[in-house]
Amino acid sequence: MAGRLDGKVAVITGAASGIGRAAAELFVAEGARVVAADIDDAHGGELQQAHPNHLRYVHTDVTSEADIAAAVTAAVDAFGRLDIMFNNAGAPGDPASVLELGPEGFDRTLALLARSALLGTKHAARQFTARGGPGSIVNTASSAGVQGGWSTAGYTVAKHAVIGVTRQSAAELGRHGIRVNAIAPGIIRTPIMARSFGVPLERADEFAAFLDERHGPLQPIGRLGLPQDIAEAALWLGSDASTFVTGIVLPVDGGATVVYAGAAATDVFSAVADFLAE
Ligand SMILES: NC(=O)c1ccc[n+]([C@@H]2O[C@H](COP(=O)([O-])OP(=O)(O)OC[C@H]3O[C@@H](n4cnc5c(N)ncnc54)[C@H](O)[C@@H]3O)[C@@H](O)[C@H]2O)c1
């Protein structure tokens, strides 16, 4: 059976873990060749070893424009073209509240989460237009990009900005045959949850299971998300199945943002206290 991404070449940032890793695995399984761009060389190297013919790991810090440009070039050098750019890398950023956040933490968080999506879009779109062909760009936003209260101030502002990047780029680039869409994941079971709430990383899986038990039943779908749920959405937006879709923000959150699902940052902070006290 033909793969849904046969013949396509993708760059996926943040591909060494969580959502990006699940997307890399799924894209390869569906026939794509992938440049996995991340700063985590150990896990990125493992991923390349698992898929030596279809995936190339490239050390890429998405806060560096030169690194982003080099990841795009690496896709063309290794696999001859670029069709899909998945701007997905991220980390919690500055944890300060609105009352505490300073300019340095704000700028650092915006650079990591939002400027990276803009620069990834810029360099992928230049590659697409140079080839004269279509292309698809997918940005990872968040429920924190469409509502307040899900996360910290810097992260929330940055994820709202990712949606701005998506809409403006869709408006400007559509005439070149380039589509730009965003996914807004809800609470997904990846190590970022532990990173965000100060839980030791070696307990990340255990913490995700704890949160799933506590918050899963409050979501309309009755569970937290898996990285594969987001990978499937990225695949659809990246593929030719969605060629009339651009500028959208696709919530993949089990319905959490259509109801109050007991998932706001304050709820998770109280869960963390209970988890660490156990
Ligand atoms: N897990 C969730 O609940 C959730 C919800 C909404 C949005 N998101 C977003 O999904 C994306 C992926 O996160 P995840 O949940 O898979 O987390 P994760 O921690 O499992 O993976 C994030 C990856 O990004 C990489 N990364 C961090 N800083 C980087 C940098 N400067 N340059 C390149 N790579 C960098 C990390 O090394 C890691 O491999 C992020 O943008 C995150 O904000 C996650």
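Start with the ligand shell, where the residues divide into 13 nonpolar, twelve polar and four charged. (Ala, Val, Leu, Ile, Met, Phe, Trp, Tyr, Cys and Pro count as nonpolar, Asp, Glu, Lys and Arg as charged, and the others, Gly among them, as polar.) Two things to know before you click on: this is a predicted model, in which local features need pLDDT of at least 70 and side-chain atom pairs count only at pLDDT 80 or more, while totals for chains, interfaces and linings use all residues. Residues are numbered from 1 along each chain as its sequence is written.

**Stop 1: around the ligand**

Select the ligand and its surroundings: 29 residues are there, and the closest are G14, G18, G90, T190 and I192. (A residue is near a molecule if its C-beta atom, placed from the backbone, lies within 6 Å of it.) Now colour α1 (18-29) and α6 (192-197), the elements that give two or more residues to this shell. (Helices are DSSP runs of H or I with at least four residues, strands are E runs of at least two, and both are numbered from the N terminus.)

**Stop 2**

Next, pick I12 in strand β1 (residues 9-13). I12 is buried because 31 other C-beta atoms lie within 10 Å. (Buried takes 20 or more other C-beta atoms within 10 Å of a residue's own, exposed 12 or fewer, and partly exposed is in between, with C-beta atoms placed from the backbone.) Draw a distance from I12 to A36: they sit 24 residues apart in sequence, yet their C-alpha atoms are 5.3 Å apart. Leaving out neighbours within four places in sequence, I12 is in contact with residues including G20, A23, F86 and N88. (Contact means C-beta atoms, placed from the backbone, within 7 Å.)

Which residues touch the most other members of the largest nonpolar core? Select V11 and A36, out of 80 residues in that core. (Such a core is a set of buried Ala, Val, Leu, Ile, Met, Phe, Trp, Tyr and Cys residues joined through C-beta atoms within 7 Å.) With neighbours within four places in sequence set aside, the contacts of V11 include V35, V72, L82, M85 and A124.

**Stop 3: α3 against α4**

Show helix α3 (residues 65-79) with helix α4 (residues 103-131): they pack at about 35°, axes 9 Å apart. (Axes are lines fitted to C-alpha atoms, for helices over the stretch in contact, and angles run from 0 to 180 degrees between N-to-C directions.) On the α3 side, select E65, I68, A69, V72 and V76; they meet S116, L119, G120, H123, A124 and Q127 in α4. By class, that contact has six nonpolar, four polar and one charged residues.

Zoom in on H123, in helix α4. Is H123 buried or exposed? H123 counts as buried, because 20 C-beta neighbours lie inside 10 Å. Not counting residues up to four places away in sequence, H123 touches I68, A69 and V72.

**Stop 4**

Move to R56 in strand β3 (residues 55-59). R56 counts as buried, with 22 C-beta neighbours inside 10 Å. Beyond four places in sequence, R56 is in contact with V35, Q48, A74 and A78, and its C-alpha atom is 7.8 Å from that of A78.

Finish at D274 in helix α9 (residues 265-277). D274 is exposed, because 10 other C-beta atoms lie within 10 Å.

Notes. Contact = placed C-beta atoms within 7 Å.
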